[in-house]
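Follow the chain here through its contacts, its helix packing and its aromatic rings. Keep the structure open as you read.

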Amino acid sequence: MRDELREKIVRVCASKILSKGESVGVSFYAFFANQNDDPDLLMEAATWWIKTHKLNHFEKANKVKTMVEAGL
């Protein structure tokens, strides 16, 4: 996963945790604007989320953030 996406995931998860609490869930769509302005980055996130780690549609932001920070 490219650094740009890692940083974005960690930033978005941290923000959601701060604003909505430790139990907040996210999907990989949370890291993108409503417009599909970067399809390659979106597909990279989707591949990591769905194919590589077989995550559910919604996962706890803490879990996702921890996984990304650990380099998984």
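Leu-72 touches Arg-6, Trp-48, His-53 and Met-67, leaving out residues up to four places away in sequence; contact means heavy atoms within 4.5 Å. Leu-72 sits in the segment after H3. Helices (H or I, at least four residues) and strands (E, at least two) are DSSP runs, numbered from the N terminus. Between Leu-72 and Glu-7 there are 65 residues along the chain, and their C-alpha atoms are separated by 14 Å.

A word on the basis. This is a predicted model, where local features need pLDDT of at least 70 and side-chain atom pairs count only at pLDDT 80 or more, while totals for chains, interfaces and linings use all residues. Residues are numbered from 1 along each chain as its sequence is written, and side-chain values use heavy atoms, with hydrogens and water left out.

Now the helices. Two packed helices are described by the angle between their axes and the distance between the axes. Helix H1 (residues 3-20) packs with helix H3 (residues 61-69) at about 150°, and the axes are 9 Å apart. Axes are lines fitted to C-alpha atoms, for helices over the stretch in contact, and angles run from 0 to 180 degrees between N-to-C directions. H1 is therefore roughly antiparallel to H3 (under 35 degrees counts as roughly parallel, over 145 as roughly antiparallel, 65 to 115 as roughly perpendicular and the rest as oblique). On the H1 side, the contact is made by Arg-6, Ile-9, Val-10, Cys-13, Ala-14 and Ile-17. H3 supplies Ala-61, Asn-62, Val-64, Lys-65, Val-68 and Glu-69. The residues of this contact divide into eight nonpolar, one polar and three charged. Here Ala, Val, Leu, Ile, Met, Phe, Trp, Tyr, Cys and Pro count as nonpolar, Asp, Glu, Lys and Arg as charged, and the others, Gly among them, as polar.

Next, the rings. The whole structure holds four aromatic pairs. Rings of Phe, Tyr and Trp (its six-membered ring) pair if their centres lie within 6.5 Å; planes under 30 degrees apart count as stacked, over 60 as edge-to-face and the rest as tilted. Phe-31 and Trp-49 form a tilted pair, 6.3 Å centre to centre with 55° between the planes. Phe-31 lies in the loop between strand E1 (25-26) and helix H2 (39-52), and Trp-49 in H2, so the pair ties together parts 18 residues apart in sequence. Phe-31 is buried, at 2% relative accessible area (buried means under 20%, exposed over 50%, partly exposed in between, with a 1.4 Å probe and protein chains only). Trp-49 is buried too, at 1%. Ring pairs link Phe-28, Tyr-29, Phe-31, Trp-48 and Trp-49 into a cluster.

Ser-27 lies in the loop between E1 and H2. Ser-27 counts as buried, at 7% relative accessibility. Neighbours within four places in sequence aside, Ser-27 is in contact with Trp-49, His-57 and Phe-58.

Finally, Lys-54. This residue is in the loop between H2 and strand E2 (59-60). Lys-54 counts as exposed, at 65% relative accessibility. Its phi is near 50°, a positive value in a residue other than glycine.
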